[in-house]
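The sequence and structure come first.

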Amino acid sequence: MGIPHHFLGYWGYGAQHELEALLNSVLENLSPNLSPTRGEALNFPPTLAGKGVRGLGLKIWNVVYIGLDGNFLPQQNQIAAISASGLFTSPDAWVSLQENNCLILGREPFGKVPLYWTQQGQVIWFASQMQLLLPILQQSEVSIPGLYGYSCFSYVPTPLTPVNEVFAVPAGTELVWQSDCQSGILRSPESKNTHSWREASEHLTDETTAITELQTLLKDSIERQIADLKDEPVGVFLSGGLDSSVVAALLVQAGVKVRAYTLDFGDAGIPEYPYSEQVAQFLKIPLIKVAVTPSSIKDALIPTVQALDLPFGDGVCVPLYLLSQRASQETQVIFNGEGGDQLFAGWTNKPLIAAGVYQAENPVGQETFIQQYLRTFHRLGGYESQVYQPEVYAQIENLQPEDWLLAALDRNECPSLLHRLRRASLMLKGAQNIHPRATALGFAHGLWVRSPFCDLPLAEWTFRLSGELCLQGACEKYILKRAVENWLPPEIVWRQKRGMGVPLTSWCLNDFWHQMGIWLNPEMFRANNHFYPHIAAQIVEGKLGAAIQGRRIGETLWLLIMWQLWRSHVLNEELSKQSWDHPFWLPRWLWRNYKIIRNS
């Protein structure tokens with residue numbers, strides 16, 4: 001089965017000895033436990049193995065695998081490939097060479113594995129991890145559009161990255177470079193959409209037929225993902241919600257040895273453990289509880305930031321790091337239920353559907369539908385003038401975050417509102433956030449990550465469903481629940497969906513109160529010259545906006561924490577000296593009393 005790995009390579013016109021020297025310098029600074037394997041040792045087809053003079057330059061390429069144990073053989077014309085699941089018959093990201101001097105970088109539509117590139121002179125450098133490209137750059141600088149996108153969504157929207165001159169290949173896309181052999185100059189890449197989520201022309205309305213077809217599709221998806229397994233046990237991340245419970249049930253039905261792993265936030269968060277325990281007992285599988293405490297979060301925070309590679313501002317990232325860490329002690333393959341919400345119109349779609357209906361009936365409303373969709377991310381969009389220093393605000397003033405949503409909400413691909421929302425969820429929250437971060441956290445612990453809902457035949461079938469089969473009254477995921485109601489306890493199938501109860505606000509305002517003064521120190525913000533220095537205090541005091549209250553306080557602070565730690569521990573920026581002009585050095589009770597006296 002091998003072990004998870006990454007790759008770094010180049011292609012283009014240049015001096016081979018200089019490029020090899022640069023590649024070697026990157027490899028020399030890698031962690032000593034990683035073992036690079038050179039591309040020419042990977043048994044490439046004869047048409048790809050040669051390097052020769054083409055026109056005015058030397059047409060060259062090379063690729064290095066990092067962490068590879070030698071079991072991987074590329075498919076035809078591929079010089080690099082990577083798979084989240086470890087099943088290389090259908091890689092998730094790939095690099096191909098065509099005989100007509102053509103380079104192709106591609107990704108599958110679910111976005112399970114990222115792929116990055118940068119152009120230096122007439123050479124394209126590519127890598128499956130952004131950190132591998134940073135030493136290639138002459139200088140690593142924050143991308144202001146990337147920062148702005150992150151502050152709106154909690155992830156950086158593709159094709160942007162948080163670093164200038166480094167770009168991401170969008171999911172479901174191939175970028176194609178044609179070289180001009182006569183001039184030795186690379187043309188700008190052509191973007192080809194290899195897959196688009198498109199609503200079927202005719203809808204499936206018969207419930208009985210839909211149930212039967214869906215049950216078959218779910219079982220087929222599992223069969224494809226367990227085809228390489230022998231007798232070794234696998235893990236499943238079990239939240240007690242519908243999606244992860246369905247995956248666990250399917251694995252048990254298929255005869256796989258399963259161990260379930262669940263998070264326990266104690267008294268601070270919304271309890272999930274009782275639901276996970278109920279599912280595990282019903283399926284007769286062992287359940288391992290992973291305690292999540294402020295202390296364990298603090299210890300794992302920086303390793304999580306480094307493992308993620310990109311900044312991800314969701315509070316669930318560190319708990320999932322701890323879950324992956326525990327699972328890796330007993331298995332090499334982990335299954336999850338990610339993607340179920342996107343496929344079957346999960347709970348977040350209901351308010352948007354109501355808003356869309358209202359908008360259709362009241363077209364002169366103050367907000368457009370796409371602006372309403374943007375607000376569902378609950379981040380810093382809309383607060384730009386309050387959070388960014390003038391120089392940065394001037395650079396983003398003409399950027400419209402709605403533009404990053406337009407393709408996903410394309411009416412031409414999905415005329416009906418429900419399928420349009422599903423398409424957007426797959427392309428945005430799934431492909432740019434949920435799936436790549438799940439893979440990164442798994443890879444950091446040597447885990448192959450398998451997501452049975454990320455199955456192309458299954459996903460395409462869901463675009464045939466009538467709206468009533470997805471959302472019936474107040475019941476979301478209706479057809480999925482009907483299809484699996486005999487596989488799980490009814491309390492699990494039909495209970496109302498809730499998000500993962502990560503107690504960010506409680507942690508930030510209590511356990512991490514003094515640490516906030518270090519992570520979000522005003523002097524660091526002054527030195528960065530991006531956010532206003534006292535943004536953290538403004539959020540805590542409720543001065544930033546009326547909508548940032550309760551759980552939104554913790555979510556917004558965490559967004560900033562993950563960004564600042566990413567700059568320090570991935571971009572390797574030097575930390576400035578700490579200042580004391582903030583409330584976090586005081587005990588919180590004393591600060592609260594001071595605030596009351598000051599406002600009286």
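Where does D309 lie?

## Basis

This is a predicted model, in which local features need pLDDT of at least 70, side-chain atom pairs count only at pLDDT 80 or more, and totals for chains, interfaces and linings use all residues. Residues are numbered from 1 along each chain as its sequence is written, and side-chain values use heavy atoms, with hydrogens and water left out.

## D309

D309 lies in the loop between α7 (294-308) and α8 (317-327); helices (H or I, at least four residues) and strands (E, at least two) are DSSP runs numbered from the N terminus. D309 is buried (under 20% relative accessible area, 1.4 Å probe, protein chains only). D309 has no salt bridge (a side-chain nitrogen of Lys or Arg within 4 Å of a carboxyl oxygen of Asp or Glu), and the nearest side chain of opposite charge, R107, is 11 Å away.

Leaving aside residues up to four places away in sequence, D309 touches (heavy atoms within 4.5 Å) Y116, Q129, M130, Q131, W566 and V570.

## Sheet

Five strands form an open sheet with parallel pairing, in the order β16-β15-β14-β17-β18; two strands pair if DSSP finds at least two bridges between them. At the edges are β16 (287-291) and β18 (448-450), each pairing on one side only. Strand β17 (residues 333-335) pairs with β18 over three bridges in the parallel sense, and V333 has W448 in β18 as its bridge partner.

## Cores

The largest nonpolar core has 111 residues (buried Ala, Val, Leu, Ile, Met, Phe, Trp, Tyr and Cys joined through side-chain atoms within 4.5 Å). F531 and W558 touch the most other members. Helix α23 (residues 551-569) gives the most to this core, with ten residues. A second, separate core of 80 residues includes W117, V234, L238 and L242.

How values were computed. Buried means under 20% relative accessible area, exposed over 50%, partly exposed in between (1.4 Å probe, protein chains only). Lys and Arg count as positive and Asp and Glu as negative; His and the chain ends are not counted.
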